[in-house]
Amino acid sequence: MLFLWYPKCSTCQKAKQWLDERGIDYEARDIKLQNPTDAELRTWFQQSELPLKRFFNTSGLAYRSLSLKEKLPGMSEEEQLQLLATDGMLVKRPILVGDGFVLTGFRPETWGTKLKEMHPST
């Protein structure tokens, strides 16, 4: 699994600790240093079946400074994906990408349920 996080983010730290406590193998990637590409975001968006807005870090400084709350409704999906690919700090974190699933944000109950579905022995 791929775990995208920002090490200074307390929610990301909790998610990492949660994964580690359960012995779950993952590859960690700093979302600020190695931003998801347009192609990755497009694939994850399609796999997740989530609204594209769920991929935006709506509480982040970058989101607010660009006035995206007002601008996103008028942007196409293509424009939104391209924008997300420009700055990892715009992207909701943490993100957990596994075989057949994508989880944005950390909700322990959701992560636990999904991991049990995908890996019953976990």
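User: When is the crossing of two helices called left-handed, and when right-handed?
Analyst: The near helix is compared with the far one: turned anticlockwise by less than a right angle, the crossing is left-handed, and turned clockwise, it is right-handed. In this predicted model, the helices α1 and α6 give an example, and their crossing is right-handed.

User: At what angle do α1 and α6 pack, and how far apart are their axes?
Analyst: Two packed helices are described by the angle between their axes and the distance between the axes. Helix α1 covers residues 10–21, and α6 covers residues 108–118. Their packing angle is about 35°, and the axes lie 11 Å apart.

User: Which residues of α6 meet α1, and how many nonpolar residues does the contact have?
Analyst: From α1 come Ala-15, Trp-18 and Leu-19, and these meet Pro-108, Trp-111, Gly-112 and Leu-115 of α6. By class, the contact holds no charged residues and one polar residue. Gly counts as polar. The number of nonpolar residues is six.

User: Which strands are the edge strands of the sheet?
Analyst: Strands of a sheet pair through backbone hydrogen bonds, either parallel or antiparallel. Here the sheet is open, its pairing is mixed, and its four strands stand in the order β2-β1-β3-β4. An edge strand pairs on one side only, which holds for β2 (27–30) and β4 (101–104).

User: In what sense do β1 and β3 pair, and which residue is the bridge partner of Leu-2?
Analyst: Strand β1 spans residues 2–5 and β3 spans residues 95–98. The two are joined over three bridges, in the antiparallel sense. For Leu-2, the bridge partner in β3 is Val-97.

User: What pattern does the protein chain follow along the sequence?
Analyst: The secondary structure comes to six helices and four strands. Read along the sequence, they give the pattern β-α-β-α-α-α-α-β-β-α.

User: Why is the protein chain described as being as compact as a globular protein of its length, and what is its radius of gyration?
Analyst: For 122 residues the globule rule gives 14 Å, and the chain's value is close to that, so the chain is as compact as a globular protein of that length. Its C-alpha trace spans about 45 × 30 × 25 Å along the principal axes. The radius of gyration is 14 Å.

Technical notes:
Residues are numbered from 1 along each chain as its sequence is written. This is a predicted model: local features need pLDDT of at least 70, side-chain atom pairs count only at pLDDT 80 or more; totals for chains, interfaces and linings use all residues. Side-chain values use heavy atoms; hydrogens and water are left out. Two strands pair if DSSP finds at least two bridges between them. Contact means heavy atoms within 4.5 Å. Axes are lines fitted to C-alpha atoms, for helices over the stretch in contact, and angles run from 0 to 180 degrees between N-to-C directions. The radius of gyration is taken over C-alpha atoms; the globule rule is 2.2 Å times the number of residues to the power 0.38.
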